[in-house]
Amino acid sequence: MIKNNNDMEKNIQKKCHVCGQSVLSNKYGHTDPCISCGWENSNRSWDFPDRVINHAVVSLNKAKRLYSEGKPIKPNFDDFIDGLFFYSEMKFTYNNIEYGVYFVDNQISLFSEEPVYSSRYKDRNDFSANANINGIKLRDIWHEVEDASFML
């Protein structure tokens, strides 16, 4: 049921693709995170169920698997990198500091503003293998990362 003509307003009731609970969607099928499972629904996820796409940093099929196993729907480091290559910019929080990751001059830049931190990586493989915060590899501390998501 649509309450008005604002295309971006979430006013269409539907079921979450992952857990089946009721969520509100906009005209394009995008929802806020589901209050039951936390996954952000998007109609594009149906077209690409094994890819990180739109606002969900975990693919639809992986989210369904994690939910069915009773595990939190949280992106691993490789999901985060897939999101970066889909959306071109991402963010995460580590030790209460927000970091951004985006492309600059065909390289991947990892940065924070407070405290100032910046490093660059030449490509996906270099970032995956070597991205670090003060010498600690990001892959090794990923389990401590919070709020890994797209920048909005």
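Trainee: Is Asn96 buried or exposed?

Mentor: This is a predicted model, so take every value as computed from it. Asn96 counts as exposed, because its relative accessibility is 74%.

Trainee: Where does Asn96 sit?

Mentor: Asn96 is in the loop between β3 and β4. Its phi is positive, about 65°, although Asn96 is not a glycine.

Trainee: Which residues does the cis peptide bond join?

Mentor: Glu114 and Pro115, with omega at about -5°. Pro115 lies in the loop between β5 (107–112) and β6. For background, most peptide bonds are trans.

Trainee: Now the rings. How many aromatic pairs are there?

Mentor: The count comes to 12 aromatic pairs. One of them is Tyr99 with Tyr117, an edge-to-face pair with 6.4 Å centre to centre and 80° between the planes.

Trainee: What does the pair of Tyr99 and Tyr117 tie together?

Mentor: Tyr99 is in strand β4 (residues 97–104) and Tyr117 is in strand β6 (residues 117–121), so the pair ties together parts that are 18 residues apart in sequence.

Trainee: Are Tyr99 and Tyr117 buried or exposed?

Mentor: Both Tyr99 and Tyr117 are buried. Another edge-to-face pair is Tyr102 with Phe111, at 5.2 Å centre to centre and 80° between the planes. Tyr102 counts as partly exposed, because its relative accessibility is 30%.

Trainee: Which residues do ring pairs link into a cluster?

Mentor: Phe77, Phe80, Phe92, Tyr99, Tyr117, Tyr121, Phe127 and Trp142.

Trainee: Which ring has the charged end of Arg124 over it?

Mentor: That of Phe85, with the charged end 4.9 Å from the ring centre. Arg51 lies over the face of Phe48, at 4.6 Å from the ring centre.

Trainee: What is Phe103 in contact with, leaving aside its neighbours within four places in sequence?

Mentor: Leu84, Phe85, Ser88 and Ile108. Phe103 is in strand β4, and it counts as partly exposed because its relative accessibility is 32%. Ala56 is 47 residues from Phe103 in sequence, and their C-alpha atoms are 20 Å apart in space.

Trainee: Zooming out, how many helices and strands are there in the protein?

Mentor: The protein has 5 helices and 9 strands. From the N terminus the order of elements is β-β-α-α-α-β-β-β-β-α-β-β-α-β. The C-alpha atoms fill a box of roughly 50 × 35 × 30 Å along the principal axes.

Trainee: What share of the residues is buried?

Mentor: Buried residues make up 45% of the 152 residues. The protein exposes about 8800 Å², and carbon and sulfur atoms supply 47% of that area.

Trainee: What about contacts between residues at least 6 apart in sequence?

Mentor: Among those, 33% join residues at least 24 apart.

Trainee: Last one: how many positive and negative side chains are there?

Mentor: There are 18 positive and 21 negative side chains, and the centres of the two sets lie 7 Å apart.

How values were computed: Residues numbered from 1 in each chain as written. Predicted model: local features only at pLDDT ≥ 70, side-chain atom pairs only at ≥ 80, totals over all residues. Heavy atoms only, no water. Phe/Tyr/Trp six-rings, centres within 6.5 Å; stacked < 30°, edge-to-face > 60°. Helix = DSSP H or I, 4+ residues; strand = E, 2+ residues; numbered from the N terminus. Buried < 20%, exposed > 50% of the residue type's maximum accessible area, 1.4 Å probe, protein only. Lys NZ or Arg CZ within 6 Å of the ring centre and 35° of its normal. Contact = heavy atoms within 4.5 Å. Areas by Shrake-Rupley, 256 points an atom, 1.4 Å probe, with all protein chains shown as cover. Lys, Arg positive; Asp, Glu negative; His and termini not counted. Charge placed at Lys NZ, Arg CZ, Asp CG, Glu CD.
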